[in-house]
Amino acid sequence: MRIRFGYVAMSTILKDCSPSHTITLNNLMKLSLSADRYKRLAALARMNIANTTRLFHHNRAHDIKVFRLTSKLVPLATHPELDGWDWRQELGADFKALGDLAIRDGLRISAHPDHFTLLNSQRYEVVEAAVKDLIFHEQILDAMGLDASAKLVIHVGGSYKEKPLARERFIENFCLLPDNIKARIVLENDDKSYSASEVLELCQQHKIPMVLDIHHHWCLNQGESIEEILPAVFATWDGESLPPKVHISSPRDGKNIRAHADHIDSRFFMGFLDAAGKLGRDFDVMCEAKAKDAALFQLLQHLAAQGYHFVDRASIDL
DNA sequence: ACCTGTCAAGTCTGG
DNA sequence: CCAGACTTGACAGGT
């Protein structure tokens, strides 16, 4: 079985390579002509796409096949003040070229809409904004020419002191989404409200692939172990063209157990590998440490030192 | 070159 | 009912 590793959105190694350049609304509005505003936004987006291209080359150089796009490729894309801007028209060719590169390199692309993208909010405007944000993310993947194997990872949302109702709201709103978005959505357990077993049940009932976040599971669980739920979690990916994915990170310190540390605790991760290895099924690992690619490289070094069998610089066989 | 407050966006707690 | 915590990366304005 093969395990491939990746990291999130940006590099701490490459210099001046942020894919998330933006502008504050205040400053944008200092430009009086809307054409000038759009020009500024497009320039920022092109810089972000260019830097994401550099990240793709960086990935190829290190055999990294798993990568998450930043949600900030197009500045202010879903801001209500900027509804008039057709960024797809303006940037379509740039995104297509970026997607061609991803496909050529066999990159497994995903995106993770931010924590305010809540499909199950009690407030209508919040759900509306969440749908708008999902559409935005989907349009980027679509503009890149990526098929439904490029996923959008989201959480169930808040519990609102009425979890059964909140859960139902998620399902209702999820079912109302357009098919092209539904086909991309995968659900992740979180560290405060929806545990792995709860998310798993939702995923099984509604045929949604599930991403297991090991760190979140450690923060919030019902006493269920990784070993007992992992086969069912992986089974939610049956019928998908790509293998299941897990997220890893380590607690920052004893006081902030939910916050992400700079690096991955490789001992802890090897414990997980032991459990996962018994299933004999390929999977991808997304490293969510704050040090990004540097943390991934450090983890891979630790694995190499322990004698794991590397098939290239960023994947191992068990 | 470096520092600090602020930024579009939400939820939850505690006062 | 409201302020603050939680938490990410980058801007913007100042020294």
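Predicted model: local features only at pLDDT ≥ 70, side-chain atom pairs only at ≥ 80, totals over all residues.
**Notes on the DNA contacts and a helix pair**

1. The side chain of S18 puts an N or O atom 2.5 Å from a phosphate oxygen of DNA strand C, and for K292 the corresponding distance is 3.0 Å.

2. Which parts of DNA strand C do the atoms within 4 Å of the protein belong to? Sugar or phosphate accounts for 100% of them.

3. If you want to look around DNA strand C yourself, go to M10, S18, S20, H21, T22, I23, T24, N27, K30, A259, K290 and K292. Sorted by class, this surface has 3 nonpolar, 6 polar and 3 charged residues.

4. Now for the helices. Two packed helices are described by the angle between their axes and the distance between the axes. Here, α5 (residues 163–176) packs with α7 (residues 196–206) at an angle of about 35°, and their axes are 12 Å apart. The crossing of α5 and α7 is right-handed.

5. Which residues meet where α5 and α7 pack? From α5 come K163, R167, F170, I171 and C175, while α7 brings E198, E201, L202, Q205 and H206. By class, the residues of this α5 and α7 contact come out as 4 nonpolar, 2 polar and 4 charged.

Note on methods:
Residues numbered from 1 in each chain as written. Chains lettered and ligands numbered in written order. Heavy atoms only, no water. Axes fitted to C-alpha atoms, helices over the stretch in contact; angles between N-to-C directions. Helix = DSSP H or I, 4+ residues; strand = E, 2+ residues; numbered from the N terminus. Left-handed = near helix turned anticlockwise from the far one by under 90°. Contact = heavy atoms within 4.5 Å. Nonpolar A, V, L, I, M, F, W, Y, C, P; charged D, E, K, R; others polar. Near = heavy atom within 4 Å. Polar contact = N/O pair within 3.5 Å; in protein donor to acceptor, adjacent residues only side chain to side chain.
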